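Colleague: I have a few quick questions about this protein. Can you put the model up first?

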Amino acid sequence: MLGVLALAVLLVLATDRLYGHSTLAFAAAIVMLLIANAPMLRFNCPRCGKNAFFRGPFVVPWPNRLCTRCGEDLAASPPSQNR
Ligand SMILES: [Zn+2]
């Protein structure tokens, strides 16, 4: 996730230097971020459905090992597919 973010920023900066300010590169970077975020937003706790990337009010770029709501071991069970 952080690597994709860095890549997106680099892409915008590189295109900015080569072609001047480009909203197309900016749009491409946003689309890349959305694609990178899609599997992340589906990674929910299989027992209670809480997103593994949320730690209270904070979003972390890596999933929790234990669910912060019900304590389910998320590392042992595969991500829920039925949501
Ligand atoms: Zn849970």
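Colleague: What pLDDT does the protein average?

Modeller: This is a predicted model; local features need pLDDT of at least 70, side-chain atom pairs count only at pLDDT 80 or more, and totals for chains, interfaces and linings use all residues. Residues are numbered from 1 along each chain as its sequence is written. pLDDT is the predictor's confidence in each residue, from 0 to 100. Here 77% of the residues score at least 70, and the protein's average is 75.

Colleague: Which helix has the lowest confidence, and which the highest?

Modeller: Helices (H or I, at least four residues) and strands (E, at least two) are DSSP runs, numbered from the N terminus. Confidence is lowest in helix α1, residues 2-19, at a mean of 70. It is highest, at 78, in residues 23-41, which form helix α2.

Colleague: In what order do the elements run?

Modeller: The protein has two helices and two strands. Read from the N terminus, the order is α-α-β-β.

Colleague: What share of the 83 residues is buried?

Modeller: A residue is buried if 20 or more other C-beta atoms lie within 10 Å of its own, exposed if 12 or fewer, and partly exposed in between; C-beta atoms are placed from the backbone. Of the 83 residues, the buried share is 7%.

Colleague: Is cysteine 67 buried or exposed?

Modeller: Cysteine 67 sits in the segment after β2 (58-59). Because cysteine 67 has 21 C-beta neighbours inside 10 Å, it counts as buried.

Colleague: Which residues is cysteine 67 in contact with, leaving aside neighbours within four places in sequence?

Modeller: Two residues are in contact if their C-beta atoms, placed from the backbone, lie within 7 Å. With neighbours within four places in sequence set aside, the partners of cysteine 67 are Cys45, Arg47, Cys48, Lys50, Glu72 and Leu74.

Colleague: How far apart are the C-alpha atoms of arginine 47 and glutamate 72?

Modeller: Arginine 47 lies in the loop between α2 and β1 (54-55). Beyond four places in sequence, arginine 47 is in contact with Cys67, Cys70 and Glu72. Arginine 47 and glutamate 72 are 25 residues apart along the chain, and their C-alpha atoms are separated by 6.9 Å.

Colleague: Why does arginine 47 count as partly exposed?

Modeller: The count of neighbours decides it. Arginine 47 is partly exposed because the other C-beta atoms within 10 Å number 15.

Colleague: What is the C-alpha distance between methionine 32 and leucine 7?

Modeller: Methionine 32 belongs to helix α2, and leucine 7 to helix α1. They are 25 residues apart in sequence; C-alpha to C-alpha, the distance is 9.3 Å.
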